[in-house]
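Colleague: I'm new to this one and would like to talk through its salt bridges. Could you put it up for me?
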Amino acid sequence: MPEGLSVRGLAASWDRRPVLSDVSFTVAEGEFVTLMGPNGSGKSTLLRSLVGLEPIDAGEIRLAGRLLNGVPTHRRGIGLLFQEPTLLPRRTVRENVAFGPEIQGIPNAEVDARVDEMLELLHLAPLADRPSHALSGGERQRVALARTLAARPSLVLLDEPFASVDPEIRAELRAEFRSVLRSRGIAVVHVTHDRDEGLFLGDRVLLLSEGRLVQVGPPDEVYQHPRTRAVARFLGYNVTAGTRGARAVHPSDVRLGASGEGLPGRVLASGSVGRGWVAYVDLSNGERWETRGGEDRPRPPAGEAVTVRWTRDVPLQD
Amino acid sequence: MTRRRGPTPHLLPLIGFVALFGLLPAVLLFIGGWSQLGANGSLKALSDPLNRQAVENSLVQGSLSAVAAVAVGYPVGVLLGRYEWRGQSTARALLVVPFLLPTIVVVLGIEDLFGPSGAVSSVLPALSIFGAGLPGIVAVNVSYNAPLVALLTAVGIESAPVDLEETVATLGGSPWRRYLVAWGPSSWRGALAGGLLAFVFSALAFAAPLLLCGARCYTLEARVWSLAEVLLSPGEAAVVASAMTLLLLVPLLIYLVLVLRPPVGAGPRGGRRPSLPWRSPTAWPLLGIGLAVLGGFVLLLGSVLVRGVTARATGGSAGSAWSPLFGANVTRELGISTFGALGNSLFFAAVAATIAIVLGILAGFRRPSARETGLRAYLFLPLLISPIVLSFGLATFWRPLLGGNGSVWLLIVLSQATLGLPFALQGLDVALASVAPRFRESVETLGASPFVAYLESELPLVRPALVAAGLFAFALGLGEFTATYFLATPSFTTLPVEMYRLEGLRQPGLADAIAALLVVVSLATFAALQRVGGRVLA
C-alpha cells in the first residue's frame with residue numbers, strides 16, 4: 001500500500017518535560033491504526049503534534065511524502081476529531097458539515113453534493129436542519145465525522161471520540177466509524193486507552209508508554225506476544241519476575257488449586273463477569289494477580305487460601 | 001449548585017438588602033421628586049438647558065470614553081486572553097489596580113502627567129490637552145475602563161472552546177477564519193460588555209468633570225449632586241436622577257444579558273492556548289499597545305507617588321507637607337484629623353466588605369441558575385443605581401429613620417456595601433460555578449444538611465475567591481468617593497473626601513500627600529489580593 005503518514009524521530013515536550021521521545025512509525029493510505037497506551041503516555045500529544053497543534057522539538061512528519069514540519073495546522077490536510085465533538089454553535093447539522101468545503105472555496109454545487117453525500121453516509125439526512133446544540137452525544141460525534149470527511153482530509157486523527165458517548169451507543173458507533181472510514185480509503189490514527197476498542201478497530205496497533213513507542217504490530221500478534229512489562233500490563237496480563245526472567249501470564253491461563261505445587265496466595269475478591277468469573281489473588285511474593293474462569297470451573301470465594309499455577313506464559317524483553 | 005431551585009431563605013437577606021438599601025431609597029427618591037414638582041414641573045425641570053447640557057455631557061463623555069476604552073482595552077484583552085506568555089498572570093492582576101484607586105487620585109495623576117508643567121506635557125506639549133477639559137475627563141475614564149474592557153475581553157476569549165478553534169484549523173480554517181468563527185465572537189461579546197460598562201461608568205463620572213472641567217462639563221451625576229447639595233433643589237435633583245437612571249437602563253440591561261447568559265457552546269474545553277507569536281507582525285501592535293498601557297499606568301502611579309512623597313506645604317521644602325498633614329491645623333480646618341479620616345476609611349470599608357461577603361456567602365448557597373435571568377439581574381441591580389442616586393436616596397429616606405447625622409457612618413457603610421456587592425457576588429459566583437456539585441452532594445450523603453454541606457465542602461474550595469472578593473469590596477470602599485462625599489459630615493470624613501476638601505482649601509501639597517497615602521494603601525490591598533487570591537484574579 002502507498003505510504004500515507006510517515007513519522008521519524010519525533011520528540012516533543014511540555015513545559016520542558018519530555019513527553020515524546022524518538023517516535024517513528026508509518027501509516028499507509030487506507031490503513032486504520034490505533035494508538036494505545038495508559039493515561040499520560042503521550043498519545044494525545046502525539047496526535048496534536050501530527051496536526052500541528054503542539055510544537056515538536058525534533059523529528060519529521062510527512063504526509064504523502066510532503067514534509068509537514070512548520071506547516072500551519074490549516075494547511076496540513078489532516079482532520080481531527082476530539083473526545084468532545086466541537087460543533088459550531090448556532091449552525092445546523094448541514095451548515096456544520098458544509099463548513100470545511102466552504103472555506104476551501106469550493107463551488108456551492110459541489111459543497112452541496114459533498115454535504116448530501118456525507119449526510120447519507122452517516123445517516124444524518126433526517127437531522128440536516130437541526131441546530132447543533134439539539135443533538136445527542138452520538139449524533140454530535142457523527143456530525144463531527146461527517147464534517148471532517150467533507151473537507152476531504154488525507155489523514156484523519158481520532159482522539160478517543162467514543163469516550164464521552166453512552167456505552168450502549170459506543171459499540172454501534174465504533175462499527176459505523178470503522179466501516180465509513182474504511183469505505184473512504186483514508187489513513188486513520190485512532191487514539192484510545194480502551195484496549196478492547198483499540199484491538200477491535202486497528203489494522204495495526206501502536207503501543208505507547210512514557211512517550212516511547214514500545215510495540216507495533218497487528219492486534220492479534222501484539223495481544224498474543226506482548227514484548228515489555230508495560231505492554232503486558234496495559235493488555236491485562238499478570239507480570240511476574242521469575243528465575244527465568246520477567247514473564248506475562250494471561251488471566252485465563254491461571255489455574256487455582258487448594259494445595260500442592262504453585263505460588264501460595266489468598267483470594268482477595270471474586271465476582272461474576274457475564275458467564276464467567278474474575279478473581280484477584282494476593283500472592284505471598286507481594287504480587288497481585290488476576291484470574292478468569294468460565295462456567296466449567298468453580299469461582300473461588302474471597303479469603304480462601306489457594307496455590308497459583310499457569311498453563312502458558314510469554315517471555316518479556318525487559 | 002444548579003440543582004436546587006425554588007425559594008430558599010438564604011437568598012432573602014440579599015434580596016432584602018438590595019430592596020431596602022438600593023431599590024427602595026432610589027424609587028422613593030424618584031417618586032418624591034416627581035410628586036414635589038408635579039408632572040409639569042418635572043418635565044420643565046428636565047427641559048432646563050443646564051440639565052439638558054448634563055444629558056449631552058453624559059452621552060458625549062460616555063460614548064467617547066467607551067470607544068477609547070475599547071480601542072485601548074481590546075488589544076490588551078486579546079494579548080491576555082488569547083495567548084500564553086511569561087508574566088501573563090502578573091500583568092493580568094495589575095489590571096485590577098485601577099479599580100482599587102480612588103477616582104480622585106487618578107484625576108490627580110492625569111493632572112500631574114498632562115497638566116501645566118506635567119511630566120508628559122513638558123516633553124510632548126501637544127499632549128497637554130489631556131490635562132483638563134473633555135480630553136482630560138476621557139483620559140481619566142479610559143484609565144479606569146480600558147482595564148475593565150481588557151479583562152472582560154480576555155474572559156470572553158477564554159470562554160471560547162479552544163478545541164473548536166483547533167477543529168476549525170484542522171478543517172482548513174486560516175488564523176483569520178479561526179478568529180471570525182471560533183474565538184472572535186466571544187472576544188467581541190466581552191469587549192461589548194466592557195464598552196457598555198465603560199459608557200455607564202463614564203456617563204456617571206463625578207470627580208473627573210468636577211475637578212478637570214467644572215460646571216460646563218458636569219455629567220448627570222455631577223448635576224444631580226450640584227442640584228441637591230449646592231443649589232439646594234432636592235426635588236429637581238431627584239427628577240434628574242430618575243431620568244439619568246432611565247437613560248442608563250438600556251445599556252446596563254444589555255450588559256447584564258451579555259454577562260449573565262453564557263453564549264451557546266461556551267466553556268473552555270481541551271486544548272492549549274497558543275504561545276504569543278513574538279516574531280509575527282500580528283503580535284507587534286498587540287505588544288506595543290500592551291506596553292504603552294503598562295507604561296502609562298506605571299507613569300501615572302509613579303507620578304502620584306513622587307509628587308506625594310515630595311509634596312510641599314505652602315512655602316516649605318520637598319516633603320514638608322507630611323508634617324502639617326497630621327497637624328492640628330488640618331483638624332481645625334476639616335473637623336477631623338488625617339488619622340481620623342484614615343481610621344474612618346479603613347473602618348467603613350471593612351464593615352462594608354464584611355456585609356458584602358456575608359450576603360455573598362448566603363447567596364452562594366442558592367446561586368440562581370443561568371435561566372433565572374430575572375433573579376440574577378435583580379441581585380445585580382445596584383449596578384443600575386449610581387453612587388449619587390444611592391447616597392441621595394439613603395440620605396433622604398434612611399437618615400431621618402436612623403436618627404439623623406449620627407447615622408451617617410452607617411449610611412456610608414451601606415452605600416459602600418451596596419456599590420461593592422455586584423463585584424463581590426460576581427467573583428464568588430464565578431468561583432462557585434466551577435465547583436462540581438459532587439463535593440456538596442458527597443458531604444450531604446454523610447448526613448450534613450444542605451447548608452452545612454455547602455459551608456463544609458464548597459466554601460472552603462473557593463476560599464481564595466472569597467477572600468479576594470472581600471478584599472476587592474474593601475478596596476472599592478476604601479477608594480469610594482462619590483457617595484461618601486455626598487453623605488460625609490466632618491466627623492465621618494474619609495481620606496478621598498479629605499483630599500478633595502484640602503484641594504478646595506488650596507492646600508495642593510497636602511492633597512498630594514494624601515493621594516500618595518491612598519496609592520500605598522491601594523497597592524498594599526493589591527498585594528494582599530495577589531497573595532491570597534492571585535489565582536482567582538488571574
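Colleague: Let me start with one residue: is Asp203(A) buried, partly exposed or exposed?

Modeller: Bear in mind that this is a predicted model; in it, Asp203(A) is partly exposed, with a relative accessible area of 27%.

Colleague: And which side chain does Asp203(A) meet in a salt bridge?

Modeller: Asp203(A) pairs with Arg182(A), at 2.5 Å from N to O. Arg182(A) belongs to helix α5 (residues 167-184), whereas Asp203(A) sits in the loop between α6 (195-201) and β9 (204-209), so the pair ties together parts of chain A that are 21 residues apart in sequence. Arg182(A) is partly exposed, its relative accessible area being 43%.

Colleague: Okay, what about Arg312(A), where does that one lie?

Modeller: Arg312(A) lies in the loop between β17 (305-310) and β18 (314-315) of chain A, and its side chain meets that of Asp253(A) in a salt bridge of 3.7 Å, N to O. Asp253(A) is in the loop between β12 (245-249) and β13 (254-257), so this pair ties together parts that are 59 residues apart in sequence. Arg312(A) is partly exposed at 37% relative accessible area, while Asp253(A) is buried at 14%.

Colleague: Switching topic, which residues are joined into one network by salt bridges that share partners?

Modeller: That network consists of Arg48(A), Glu54(A) and Glu166(B). Within it, Arg48(A) and Glu54(A) form a salt bridge whose closest N and O atoms are 3.1 Å apart.

Colleague: Are Arg48(A) and Glu54(A) buried or exposed?

Modeller: Arg48(A) is buried, with a relative accessible area of 9%, and Glu54(A) is buried too, at 6%.

Colleague: How many salt bridges are there over all chains?

Modeller: Searching the whole structure gives 22 salt bridges over all chains.

Note on methods:
Residues are numbered from 1 along each chain as its sequence is written. Chains are lettered from A and ligands numbered from 1 in the order in which they are written. This is a predicted model: local features need pLDDT of at least 70, side-chain atom pairs count only at pLDDT 80 or more; totals for chains, interfaces and linings use all residues. Side-chain values use heavy atoms; hydrogens and water are left out. A salt bridge is a side-chain nitrogen of Lys or Arg within 4 Å of a carboxyl oxygen of Asp or Glu. Buried means under 20% relative accessible area, exposed over 50%, partly exposed in between (1.4 Å probe, protein chains only). Helices (H or I, at least four residues) and strands (E, at least two) are DSSP runs, numbered from the N terminus.
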